[in-house]
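Q: I would like to learn how to read a two-chain model feature by feature. Could you walk me through it?

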Amino acid sequence: MRIAVCVKQIPDPATPYDLDPVTHRVVRPNDQVLDDTDRFGVEVGLQLAEASEGTVTLFSMSPSGSLQGIRQALAMGADKAVIIDDENLAGSDALTTSRVLAAAIEREGFDLVIAGTESTDGYTGVVPQQIAELVDVPSLTFARKVEVTDGGIRIEQQTAGGYDVVEAPLPALLSVTSGVVEPRYPTFKGIMQAKKKPIDTLTAEDLGFSADQVGEAAAGQTITSVEPIPAREAGEIVEDDGEGYLKIVALLEQVKVI
Amino acid sequence: MEFKEEHVAFRKVMRDFADAEIAPFAREWDRTKTFPLDAVAKMGDLGLFGLPFEERYGGSDSDFTTLCIAIEELGRVDQSMAITLEAAVGLGINPIAEFGTDEQKERWLPDLVEGRALAAFGLTEPDAGSDAGATRTKADLVDGEWVINGSKAFITNSGTDITSLVTITARTGPGEISTIVVPTDTPGFEVEPPYDKMGWHASDTHPLRFDDCRVPEGNLLGERGQGFRQFLSTLDDGRIAIAALAVGVIQSCLEESIAYAKERISFGKEIGAYQAIAFKIADLEVAVEAARLLTYKAAWLKDTGRPYKHAAARAKLFATEAAVDATREATQIFGGSGFLNDSPVARHYRDAKVLEIGEGTSEIQRLVIARGLGLPVR
C-alpha cells in the first residue's frame with residue numbers, strides 16, 4: 001500500500017511565537033517541530049504500511065527551515081518526504097494549501113492519504129476533506145479506530161455522542177484523531193537512518209501552479225485583524241450541599257460535554 | 001560547544017519520553033519502593049539499553065555522548081530510573097561487550113541489549129570497595145567448573161524479576177583476580193533482601209551470596225587474572241555516566257526552583273523577587289552549566305579516542321558535589337514544602353547524596369586527579 005501522510009512543521013508550542021503585525025502570519029522560526037497531532041497520522045501510516053509491506057511518504061507545504069520536524073517523522077519510520085517550499089506560497093489560504101498538497105500527492109501516486117484532523121497553528125480543519133475532493137476519493141474523517149478490510153478501510157468515526165462505523169474502498173483519504181493509536185518514540189537508530197532518507201523539495205511551479213494561482217494573490221480569504229484572547233474569567237465554585245453533583249451534571253450538559 | 005544534529009534530536013525524544021512515561025510515576029515508585037518492570041520494558045523498546053553496542057547484537061552503535069544524554073534526561077525526572085539504565089549498560093552489558101568472546105556475546109548480549117533481561121556487576125564486597133585488591137570472593141577451578149564462594153554488597157539490578165546474570169570479580173589464585181559470569185538461576189547463588197536505602201528507592205540493590213556456586217569454566221570473561229584491569233576501565237566510563245545523572249538532577253532543581261519562585265508568595269511578593277532566593281537560583285544555573293560542560297567534555301574525549309581518565313574523575317567530582325549542593329539549596333528554596341516527600345526536590349535531595357559515593361567516592365576522584373597532576377599522594 002502506498003500511503004501518503006500529510007504533516008506540518010509548526011513553531012514549538014512550548015515557546016510562544018509571534019504573528020507578523022502587518023500580514024498577521026505566523027513568524028516561522030528556522031527550527032520547527034512536528035505538529036503533535038501529526039504523530040498520530042504518521043503512526044497509523046506506519047502500522048498500515050508494516051502490515052502490507054507498503055511505503056509511507058510524508059507531504060508538507062511549509063518553509064523547510066532546518067527540517068527538524070520532518071526528520072522527526074522520518075525517524076519514526078516514514079520512508080521519504082516531499083516538501084513544497086516556495087516563497088510564492090506565503091499567505092496561501094486553506095484551499096490553496098489543499099490544491100498544492102493534492103497535486104504533490106497525485107504526482108507521487110497513492111492508495112491512501114492520511115492526515116490529522118487540523119493543524120495546531122492554523123486550526124482551519126478543512127484541508128483533509130478538500131484534498132479528498134481534489135484527488136477525487138472518498139474521505140473517512142475523524143477516525144478513532146482504523147482497520148483494513150478486503151480492498152478498503154473501515155473506521156470508527158468519532159461523533160458528539162459516540163461513533164459511527166464508516167467504510168470505503170481504496171483509494172481513500174483518512175483523517176485521524178489524537179488518541180487513535182499510541183505514536184511510537186523515534187529511536188536513536190531511527191534518528192540516524194532519517195539522516196539518509198530522501199527529502200524532495202518542490203516549488204509551486206514544479207506542480208504546475210503559476211505565481212498568481214497561489215499565495216496571497218490567490219487567497220479567497222484575508223485576515224483583517226488579530227485580537228488577543230480575552231483573559232480567563234474566574235471559575236464557578238459549586239458548594240456541595242449534598243446535591244452538588246446535580247449542579248455539576250447540569251453545567252456539564254450545558255457545555256455539551258455529556 | 002555544539003552537539004551533533006542527532007544528539008539534539010535524541011535529547012528531544014528523551015525529554016518527551018521521560019516527561020510522559022517516567023515523571024508522572026516517579027513519586028509513587030519512590031514511595032512504594034517499586035522497581036517498575038513496565039517502564040523498563042518501555043526503555044527497552046526505545047532501544048536505550050543497546051545504545052552504545054554493536055548493531056549485530058541489536059544495539060544502535062551510538063557514541064558515549066548519546067548514552068550520557070539518555071541518562072541525564074532520565075535523571076532529570078527520576079534518578080532511580082537513570083541509575084537503572086546506567087548500571088545496566090555500563091556495568092551489566094559493557095564488560096561482556098568489551099571482554100567477551102564472540103560466542104559469549106552471541107549468547108548473552110541480545111536479551112540484555114533489547115532490555116528483556118538485566119545484568120549486574122558484582123565488584124564491591126562488605127570489606128572491599130575501591131580497595132578492590134581486598135576482594136575475598138573465591139573461585140576455584142574444579143573439574144572444568146568455577147566453584148564460587150563469598151559475598152558481594154550494594155549490587156544494582158541484581159535482584160529484579162528479569163535479572164539474568166551477574167558478572168563478578170573473584171580471586172582465582174594468589175594475587176589473581178578474574179571476572180566470571182554467573183547466571184542467576186545457578187544453584188548456590190543467593191540474592192539477599194534489598195537494602196533499605198536513603199534514596200534511589202525505585203532502583204534495585206541487594207547483597208549477594210555465593211555458596212559452592214558452580215558455573216562452567218567457559219564463563220570466565222576475558223583473560224584469567226585480568227579482572228583488576230578490566231573493572232578499572234569499566235569504572236572510568238561509569239564515572240562520566242554518574243556525572244550525567246548529577247547534571248540531570250541539578251537541571252531539575254533549577255527548573256523546579258524557577259517555577260516555585262514565581263508562584264510562591266511571601267510578604268506580598270513572589271519569593272523570586274527577593275535576592276536571597278533569586279541569587280540561589282542564579283547559582284543553580286551556573287552549577288548545571290559547569291557540570292554539563294565537564295561531563296560532555298569527558299564524553300567527547302572518550303568518543304574521539306583521547307585519554308579521558310582524568311577528565312572523567314574531574315566531571316564526576318564536580319558534578320556530583322554540585323548536585324548535592326543544588327538539591328540542598330532547592331530544598332531550602334521550597335522551605336517547608338521542600339521537606340515533604342511529595343515535592344520533587346525532597347526526593348532529589350535524598351537521591352543525590354549517593355552520587356558522591358558510588359563508582360568511586362569524591363575522595364577517590366580527588367586522589368585520581370591529584371595523581372594525574374604528578375603529586376606523590378597515596
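A: Gladly, and we begin with two terms: helices (H or I, at least four residues) and strands (E, at least two) are DSSP runs numbered from the N terminus, and two strands pair if DSSP finds at least two bridges between them. The model is a predicted one, where local features need pLDDT of at least 70, side-chain atom pairs count only at pLDDT 80 or more, and totals for chains, interfaces and linings use all residues. Residues are numbered from 1 along each chain as its sequence is written, chains are lettered from A and ligands numbered from 1 in the order in which they are written, and side-chain values use heavy atoms, leaving out hydrogens and water.

Q: Which residue stands opposite B:Val191 in E7(B)?
A: Strands of a sheet pair through backbone hydrogen bonds, either parallel or antiparallel. Here B:Leu208 of E7(B) stands opposite B:Val191. The strands concerned, E6 (residues 189-191) and E7 of chain B, are antiparallel and share three bridges.

Q: How many bridges pair strand E3 of chain B with strand E7 of chain B?
A: Nine bridges, again in the antiparallel sense, between E3 (residues 145-156) and E7 (residues 205-216) of chain B. One pair to look for is B:Val147 opposite B:Arg214 in E7(B).

Q: How do I read the sheet in chain A, and what is the order of its strands?
A: The order is E9-E8-E7-E10-E6-E1-E4-E5-E11 in chain A, an open sheet of nine strands with mixed pairing. Its edge strands, E9 (163-169) and E11 (199-202) of chain A, each pair on one side only. From one strand to the next the twist averages 30 degrees. For a parallel example, take E7 (residues 139-149) and E10 (residues 172-176) of chain A, joined by three bridges; there A:Ala143 has A:Val176 in E10(A) as its bridge partner.

Q: Which helices lie across these strands, and at what angle?
A: Axes are lines fitted to C-alpha atoms, for helices over the stretch in contact (heavy atoms within 4.5 Å). Angles run from 0 to 180 degrees between N-to-C directions. Helix H1 (residues 38-52) of chain A lies across E1, E4, E6, E7, E8 and E10 of chain A, at about 175 degrees to E1(A). Helix H4 (residues 127-135) of chain A lies across E1, E6, E7 and E10 of chain A, and runs at about 175 degrees to E10(A).

Q: What area is buried between chain A and chain B?
A: Buried area is the accessible area (1.4 Å probe) that two parts lose on being put together, summed over both. For chain A and chain B this is about 1300 Å², with carbon and sulfur atoms giving 66%. A:Tyr185, A:Phe188 and A:Lys189 supply 54% of the area that chain A buries against chain B, more than any other three residues. In contact are 13 residues of chain A and 19 residues of chain B.

Q: How many salt bridges are counted between chain A and chain B?
A: Two. B:Glu5 forms a salt bridge with A:Arg71, with the closest N and O atoms 3.4 Å apart.

Technical notes
A salt bridge is a side-chain nitrogen of Lys or Arg within 4 Å of a carboxyl oxygen of Asp or Glu.
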